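Take a look at the model below. This briefing covers helix packing and then aromatic rings.

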Amino acid sequence: MTPDKKPEEFYIKLKAQLSDTSIWPSPYLYKFIVPSEDSKILAIEGIFDHTGAVISKKESRTGKYTSISVNVRMKNPDAVIAKYKEVGQIEGVISL
């Protein structure tokens, strides 16, 4: 999410783009950067628990951050946005 836009404007635009470019349900790839703290990584994994998501993690060279990719089949654009909002509640997470 770009910092110069209000989150709701971003989500409205994202919903329109997802509706125009995909047939739902559809696979969706989330990407997050998070401080390398077990509690934060586990929190993200918990959000996608029981969804059939394939989660991959890669620690940065310095070990301060971890990139998390979540590939999951989503029902519709609203479901995609709901997960972004849920993950956004975790402090320090950057959504790409």
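Helix α1 (residues 7-21) packs against α3 at an angle of about 145°, with the axes 9 Å apart. The model is predicted: local features need pLDDT of at least 70, side-chain atom pairs count only at pLDDT 80 or more, and totals for chains, interfaces and linings use all residues. Residues are numbered from 1 along each chain as its sequence is written, and side-chain values use heavy atoms, leaving out hydrogens and water.

**Helix packing**
- Axes are lines fitted to C-alpha atoms over the stretch in contact, and angles run from 0 to 180 degrees between N-to-C directions.
- Helices are DSSP runs (H or I, at least four residues), and strands are E runs of at least two, numbered from the N terminus.
- On the α1 side, the contact (heavy atoms within 4.5 Å) includes Y11, L14 and L18.
- On the α3 side, V80, I81 and Y84 are among the residues taking part.

**Aromatic rings**
- The whole structure holds eight aromatic pairs. Rings of Phe, Tyr and Trp (its six-membered ring) pair if their centres lie within 6.5 Å; planes under 30 degrees apart are stacked, over 60 edge-to-face, the rest tilted.
- F32 and F48 have ring centres 6.4 Å apart and planes at 40°, so this pair is tilted.
- F32 and Y84 have ring centres 6.2 Å apart and planes at 75°, so this pair is edge-to-face.
- F32 lies in strand β1 and Y84 in helix α3 (residues 77-88), so their pair ties together parts 52 residues apart in sequence.
- Y28, Y30, F32, F48 and Y84 form one aromatic cluster.
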